[in-house]
Amino acid sequence: KMEQKMSELLSARTNGFNREQDEGKDDYLAVFDIDHFKRVNDNYGHLIGDEVLLVFSGLVRGALRDADWVFRYGGEEFVALIKGVSPEVVKVILERIRIKVQNHSFPQVGQVTVSVGFTPIIDQVLPPHVFEEADKALYYAKEHGRNRVCAYRELVSCGEIKVEQHISGSIE
């Protein structure tokens with residue numbers, strides 16, 4: 001379902017169907033990872049861990065619009081597709097979610113934080129490439145103190161992340 005939605009957004013972009021593109025607005029993929037989630041499961045058990053995940057997903061869902069999508073991806077990772085916003089607005093939205101999570105008192109657990117990596121869905125060839133970019137930004141956030149929102153393209157432009165070229169086509 002997530003890959004299908006991403007494929008739709010990518011093909012709409014490459015076929016020029018998205019008029020918002022001209023207005024400086026893009027679609028974004030954000031990956032959320034609850035910091036130290038293994039500790040929650042280890043200290044409180046999987047039932048409480050599951051409750052944290054449910055509450056967390058509700059906080060994320062509540063901070064987004066109906067047009068946006070949220071998917072659970074793996075254990076404690078969630079992915080959001082945020083449609084038709086400017087780079088400044090997407091950062092504000094994701095920062096608001098990060099703060100909302102940080103300030104929420106989770107049942108029995110108390111405070112939980114989240115790291116977020118995101119990237120625009122623009123010129124990537126395939127959905128896995130979009131996810132890979134957002135995931136690299138997430139990994140950077142985790143490696144640099146957690147509880148932060150990191151933009152892949154900002155990290156690339158300031159030299160914090162190196163871009164690997166995706167080779168497509170045939171080799172002669």
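Biologist: Okay, so helices here are DSSP runs of H or I with at least four residues, strands are runs of E with at least two, and both are numbered from the N terminus. Where does N147 lie, then?

Modeller: N147 is in the loop between α5 (127-143) and β5 (149-151). Keep in mind that this is a predicted model, so local features need pLDDT of at least 70 and side-chain atom pairs count only at pLDDT 80 or more, while totals for chains, interfaces and linings use all residues. Residues are numbered from 1 along each chain as its sequence is written, and side-chain values use heavy atoms, with hydrogens and water left out.

Biologist: Got it. What's the phi of N147 near?

Modeller: Near 50°, which is a positive value in a residue other than glycine. H36 also has a phi near 50°, and H36 isn't glycine either.

Biologist: And where is H36?

Modeller: H36 sits in the loop between β1 and α2. With a relative accessible area of 35%, H36 is partly exposed. The cut-offs are under 20% for buried, over 50% for exposed, and partly exposed in between, with a 1.4 Å probe and protein chains only.

Biologist: Zooming out, how many helices and strands does the protein chain have?

Modeller: Six helices and five strands. Along the sequence they follow the pattern α-β-α-α-β-β-α-β-α-β-α. Of the chain's 172 residues, 44% count as buried.

Biologist: Let's look at α3. How far apart are its end C-alpha atoms?

Modeller: They are 26 Å apart. The expected span is 1.5 Å times one less than the number of residues, so the 18 residues of α3 (residues 46-63) should span 26 Å, and the two values agree.

Biologist: Which residues of α3 are buried?

Modeller: I48, G49, V52, L53, F56, L59, V60 and A63. They lie on the same side of α3, because they cover an arc of only 145° around the axis. That arc is taken from the directions from the helix axis to the C-beta atoms.

Biologist: What's on the face turned away from the buried side?

Modeller: That face of α3 carries the exposed residues L47, L54 and G62.

Biologist: And what covers the buried residues of α3?

Modeller: The cover includes the helices α2 (37-44) and α4 (87-103), plus the strands β1 (26-34), β2 (69-73), β3 (77-85) and β4 (114-121). Contact means heavy atoms within 4.5 Å.

Biologist: New topic: how many aromatic pairs are there?

Modeller: Five. Rings of Phe, Tyr and Trp (its six-membered ring) pair if their centres lie within 6.5 Å; planes under 30 degrees apart count as stacked, over 60 as edge-to-face, and the rest as tilted. W69 and F71 make a stacked pair, 6.0 Å centre to centre with 5° between the planes.

Biologist: Is F71 buried or exposed?

Modeller: F71 is at 12% relative accessibility, so F71 counts as buried.
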